[in-house]
Amino acid sequence: MTIELVTTDGKFALDGGEWDVTNNIWLVGDDREVVVFDAAHNAPAIVAAVNGRRVKAIVLTHGHNDHINAAVPLRDSVDAPILLHDADHMLWDVVWPGEQPDGAIVPGGTLAVAGHELAILYTPGHSPGCCCFYDVANGVVLSGDTLFCGGPGATGRSHSDEPTILRSIRDSLLTLPDHTIVHTGHGDSTTIGAERDRVLARAAELDL
């Protein structure tokens with residue numbers, strides 16, 4: 001199984017503000033089929049990276065606009081279902097009124113691609129429906145905006161909560177081996193071990 005990175009540039013918009021961002025889109029699979037994790041800004045760039053392979057699903061780690069704003073045109077181009085956790089539908093509706101995802105991400109389940117299974121971990125906090133995806137066989141987790149190189153994802157805006165994201169990381173991600181590679185929604189990849197101490201220190205500060 002391979003994990004390929006595509007980056008796209010655009011705007012993150014929330015609570016009346018806008019910020020320039022570069023997003024990571026991850027293609028997980030082989031030379032025949034892939035799952036696309038997140039659909040940011042530029043559907044043609046993602047289609048080019050897919051390069052004719054079957055797309056089993058377009059999996060949205062959460063519903064912020066910069067992770068979903070290419071989802072519908074990508075679906076139209078590659079004929080694959082869009083999956084999103086139900087708790088983030090209010091964020092989806094801001095970007096795609098009149099459209100719907102094709103299915104729900106169900107925590108505790110798995111996604112299968114190229115003979116591998118990725119466990120679905122529910123990690124709310126950055127948004128209510130954030131999920132991460134753990135490939136046990138390869139020791140890799142796709143963290144979306146839950147955990148970055150440098151610590152937890154941002155909170156303090158609508159539908160986010162710092163204690164919640166810290167508990168999510170502590171209870172769902174820090175249980176993974178320290179060598180586990182973390183492929184993030186923005187910026188550089190990291191490992192569970194590299195982020196462990198700062199997450200636990202902040203959780204202790206908040207008496208969690």
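Colleague: Let's start with Glu 99: where does it lie?
Modeller: In this predicted model, Glu 99 sits in the loop that leads from helix H4 (89-95) to strand E6.

Colleague: Why is Glu 99 called partly exposed?
Modeller: Its relative accessibility is 30%. Buried would need a value under 20%, and exposed one over 50%. Glu 99 falls in between, so it counts as partly exposed.

Colleague: Which residues is Glu 99 in contact with, leaving aside its neighbours within four places in sequence?
Modeller: Those residues are Val 72, Arg 75 and Trp 92. Val 72 is 27 residues away along the chain, yet its C-alpha atom is separated from that of Glu 99 by 8.0 Å.

Colleague: And Ser 168, is it buried or exposed?
Modeller: Ser 168 has a relative accessible area of 8%. The cut-off for buried is under 20%, so Ser 168 is buried. You will find Ser 168 in helix H5 (residues 162-173). Not counting residues up to four places away in sequence, Ser 168 touches Thr 123, Pro 124 and Leu 173.

Colleague: Now the strands, please. How do you know that strand E1 (residues 2-14) and E2 pair?
Modeller: Two strands pair if there are at least two bridges between them. E1 and E2 have 13 bridges, so they pair, and they do so in the antiparallel sense.

Colleague: What makes E5 and E6 a pair?
Modeller: E5 and E6 share two bridges. The rule asks for at least two, so E5 and E6 pair, here in the parallel sense. Leu 83 stands opposite Gly 103 in E6.

Colleague: In what order do the six strands that include E1 and E6 form their open sheet?
Modeller: The order is E1-E2-E3-E4-E5-E6, with mixed pairing. E1 and strand E6 (103-104) are the edge strands, as each pairs on one side only. Further in, strand E3 (residues 33-37) runs parallel to strand E4 (residues 54-59), joined by five bridges. Glu 33 faces Arg 54 in that pair. E4 also pairs in the parallel sense with strand E5 (residues 82-84), over two bridges, and Ile 58 has Ile 82 as its bridge partner in E5.

Colleague: What unit do E3, helix H1 (residues 43-50) and E4 make?
Modeller: They make a right-handed β-α-β unit. The word right-handed is used because, with the strands pointing away from you, the path from E3 over H1 to E4 runs clockwise.

Colleague: Which strands does H1 lie across?
Modeller: H1 lies across E1, E2, E3 and E4, and runs at about 175° to E1. H3, in turn, lies across E3, E4 and E5, at about 165° to E4.

Colleague: How do H1 and H3 cross?
Modeller: Their axes come within 9 Å and cross at roughly 40°. The contact is made by Ala 43, Ile 46 and Val 47 of H1 together with Pro 73, Leu 74, Ser 77 and Val 78 of H3. H1 passes H3 in a right-handed crossing.

Colleague: Which residues touch the most other members of the largest nonpolar core?
Modeller: Of its 24 residues, they are Val 36, Val 55, Ile 58, Leu 60, Leu 74 and Trp 92. E2, E3, H1, E4, H3 and E5 are the elements that give two or more residues to this core. H3 gives the most, with four residues.

Colleague: What does Leu 60 touch, not counting residues up to four places away in sequence?
Modeller: Its contacts include Asp 38, His 67, Ile 82, Leu 84, Trp 92 and Ile 105.

Colleague: Which strands form the open sheet that includes E7 and E14?
Modeller: Six strands form it, in the order E7-E8-E9-E10-E13-E14, and the pairing is mixed. Strand E7 (110-113) and strand E14 (190-191) are its edges. E7 runs antiparallel to strand E8 (residues 116-122), with four bridges joining them. In that pair, Leu 111 is opposite Leu 118.

Terms used
Residues are numbered from 1 along each chain as its sequence is written. This is a predicted model: local features need pLDDT of at least 70, side-chain atom pairs count only at pLDDT 80 or more; totals for chains, interfaces and linings use all residues. Side-chain values use heavy atoms; hydrogens and water are left out. A nonpolar core is a set of buried Ala, Val, Leu, Ile, Met, Phe, Trp, Tyr and Cys residues joined through side-chain atoms within 4.5 Å. Buried means under 20% relative accessible area, exposed over 50%, partly exposed in between (1.4 Å probe, protein chains only). Contact means heavy atoms within 4.5 Å. Axes are lines fitted to C-alpha atoms, for helices over the stretch in contact, and angles run from 0 to 180 degrees between N-to-C directions. A crossing is left-handed if the near helix is turned anticlockwise from the far one by less than a right angle, and right-handed if clockwise.
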